[in-house]
Amino acid sequence: MTFIRINFNIFFFVCFGIISFSQQTDYIKIFGSDWEKAESFVSENDSWMKQLSEKYDVSYPLAIAVVFPELIRYSALRDKMEITLLKALYINLGDDYANFSIGQFQMKPSFAESIHRKVPMFKGRIRNQFREKIKSEDIRKYRASIVKDLENPESQFLYLIAFLKICSTVYNLIDMDEEKRLKFLATAYNFSFQKSYEEVDKMTDKKFFYTKLVKGESYSYADISVFWYRNFQDNE
């Protein structure tokens with residue numbers, strides 16, 4: 001009886017593993033044309049994004065994987081939102097009144113402001129990109145400069161690089177394997193890099209990402225990042 005039970009457990013484990021693997025979420029199928037548009041953006045802009053990644057010594061595939069879900073979301077929403085009023089509200093009243101996502105990488109003004117506050121904490125060439133972008137007495141001018149930054153893909157990519165540099169300083173990521181590090185960074189990007197390590201880590205598997213104007217089915221942001229990352233590695 002013992003022999004039969006042990007073999008049954010092994011059989012069940014193997015079968016369950018095969019079923020689980022076969023049922024992995026196919027995000028390409030789920031997001032369809034929006035996934036394709038996101039991939040098109042990457043392929044059409046990879047030259048300058050790779051150059052900036054090399055210049056500031058960050059992993060290009062890691063950087064793209066962190067923001068890839070936002071590229072999907074941008075493709076899904078870009079023709080459905082009018083943000084002119086939101087821009088005016090933010091510039092005149094601040095992010096308490098209008099903290100909205102801008103551009104391909106769907107960055108919010110509050111995200112950019114947080115980058116500005118934290119960039120001085122480390123040394124390196126990326127810091128020079130933000131030296132002049134400090135909060136001045138003319139707060140409206142400062143906010144307008146942030147909106148201008150976030151409307152430009154290259155400026156946004158510099159914010160992304162700064163985010164990765166800040167996270168490598170604030171959080172202990174050295175002992176993580178590649179995918180664990182990616183899941184953490186993707187969650188910090190979408191959730192908040194103002195939170196503690198424990199708070200971010202707790203959110204890595206939560207399903208709070210959606211692409212509709214009205215919240216519908218949600219997915220794990222970090223899982224989408226890892227899915228793209230694995231496909232990117234397979235295609236290299």
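This is a predicted model: local features need pLDDT of at least 70, side-chain atom pairs count only at pLDDT 80 or more; totals for chains, interfaces and linings use all residues.
Let's start in the middle of things. The largest nonpolar core takes in 67 residues, and the ones with the most contacts inside it are Ile115, Phe157, Phe163 and Tyr189.

Leaving aside residues up to four places away in sequence, Tyr189 touches Val66, Val67, Glu70, Phe105, Met107, Phe111, Leu160, Phe163 and Tyr221.

Helix α2 (residues 27–55) and helix α8 (residues 153–170) have axes that come within 11 Å and cross at roughly 55°, so α2 counts as oblique to α8. The crossing of α2 past α8 is right-handed. On the α2 side, the contact is made by Phe41, Trp48, Met49, Leu52 and Ser53, while α8 brings Pro153, Glu154, Phe157, Leu158 and Ile161. Sort those contact residues by class and you get eight nonpolar, one polar and one charged.

The meeting of α5 and α7 has its own geometry. Their axes lie 10 Å apart and the packing angle is about 105°, which means α5 is roughly perpendicular to α7. Pro109, Ala112, Glu113 and His116 make the contact from α5, and Tyr142, Ile146 and Leu150 make it from α7. By class, this contact has five nonpolar residues, one polar and one charged.

Key: Residues are numbered from 1 along each chain as its sequence is written. Side-chain values use heavy atoms; hydrogens and water are left out. Axes are lines fitted to C-alpha atoms, for helices over the stretch in contact, and angles run from 0 to 180 degrees between N-to-C directions. Helices (H or I, at least four residues) and strands (E, at least two) are DSSP runs, numbered from the N terminus. Angles under 35 degrees count as roughly parallel, over 145 as roughly antiparallel, 65 to 115 as roughly perpendicular and the rest as oblique. A crossing is left-handed if the near helix is turned anticlockwise from the far one by less than a right angle, and right-handed if clockwise. Contact means heavy atoms within 4.5 Å. Ala, Val, Leu, Ile, Met, Phe, Trp, Tyr, Cys and Pro count as nonpolar, Asp, Glu, Lys and Arg as charged, and the others, Gly among them, as polar. A nonpolar core is a set of buried Ala, Val, Leu, Ile, Met, Phe, Trp, Tyr and Cys residues joined through side-chain atoms within 4.5 Å. Buried means under 20% relative accessible area, exposed over 50%, partly exposed in between (1.4 Å probe, protein chains only).
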